[in-house]
Amino acid sequence: MTTGGSTELVRRPNASNRATLLELLFDVVFVAALALISMLIAERDSWAGVGPVVLMLMAIWWTWSITSTTTDFYDPDQRPIQAILMVTALGAVVTAAAVPRCSWSGEPCSPAGSSA
């Protein structure tokens, strides 16, 4: 038995597949993050230095692919889905801002930049 609340979030089969402005903004955030990562990979002198950067690339790529799949299945015009997109985009901005710091320091890093 369902309450019917979650079925309203699912994208209707006859609905438009056009991207919303929020989805496009979300994609731009990830393009900027991928540009930062590609610059860091290009600056590496050895394959050993590429490892931490590739780990960040995998995290960013995974987040983008899961969120893109979510917006394909759910209707991005619904408020809860828009909230998920905004929070995820904010997290991606924080992660992208932490990429240069994480790749150059020898200490473990967190996107928040705090040291324990």
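**View 1. T20 and its contacts.** T20 touches P76 and D77, where a contact means heavy atoms within 4.5 Å and residues up to four places away in sequence are not counted. T20 lies in the segment before helix α1, and it counts as buried because its relative accessibility is 16%, buried meaning under 20% relative accessible area, exposed over 50% and partly exposed in between, with a 1.4 Å probe and protein chains only. This is a predicted model, in which local features need pLDDT of at least 70 and side-chain atom pairs count only at pLDDT 80 or more, while totals for chains, interfaces and linings use all residues. Residues are numbered from 1 along each chain as its sequence is written, and side-chain values use heavy atoms, with hydrogens and water left out.

**View 2. The whole protein.** The protein has three helices and zero strands, and along the sequence these follow the pattern α-α-α; helices (H or I, at least four residues) and strands (E, at least two) are DSSP runs, numbered from the N terminus. Of the 116 residues, 28% are buried. Among contacts between residues at least 6 apart in sequence, 67% join residues at least 24 apart.

**View 3. Helix α1.** The 23 residues of α1 (residues 21–43) should span 33 Å at 1.5 Å a residue, and this agrees with its end C-alpha atoms, which are 33 Å apart; the expected span is 1.5 Å times one less than the number of residues. The buried residues of α1 are E23, F26, V29, F30, A33, I37 and L40. An α-helix has 3.6 residues a turn, so residues three or four places apart point the same way.

**View 4. Helix α2.** Buried here are V50, V53, M56, I60, T67, S68 and T71.

**View 5. Where α1 meets α2.** The contact is made by residues including F26, F30 and I37 of α1 and V53, I60 and W64 of α2. Its residues divide into 15 nonpolar, three polar and two charged, where Ala, Val, Leu, Ile, Met, Phe, Trp, Tyr, Cys and Pro count as nonpolar, Asp, Glu, Lys and Arg as charged, and the others, Gly among them, as polar.
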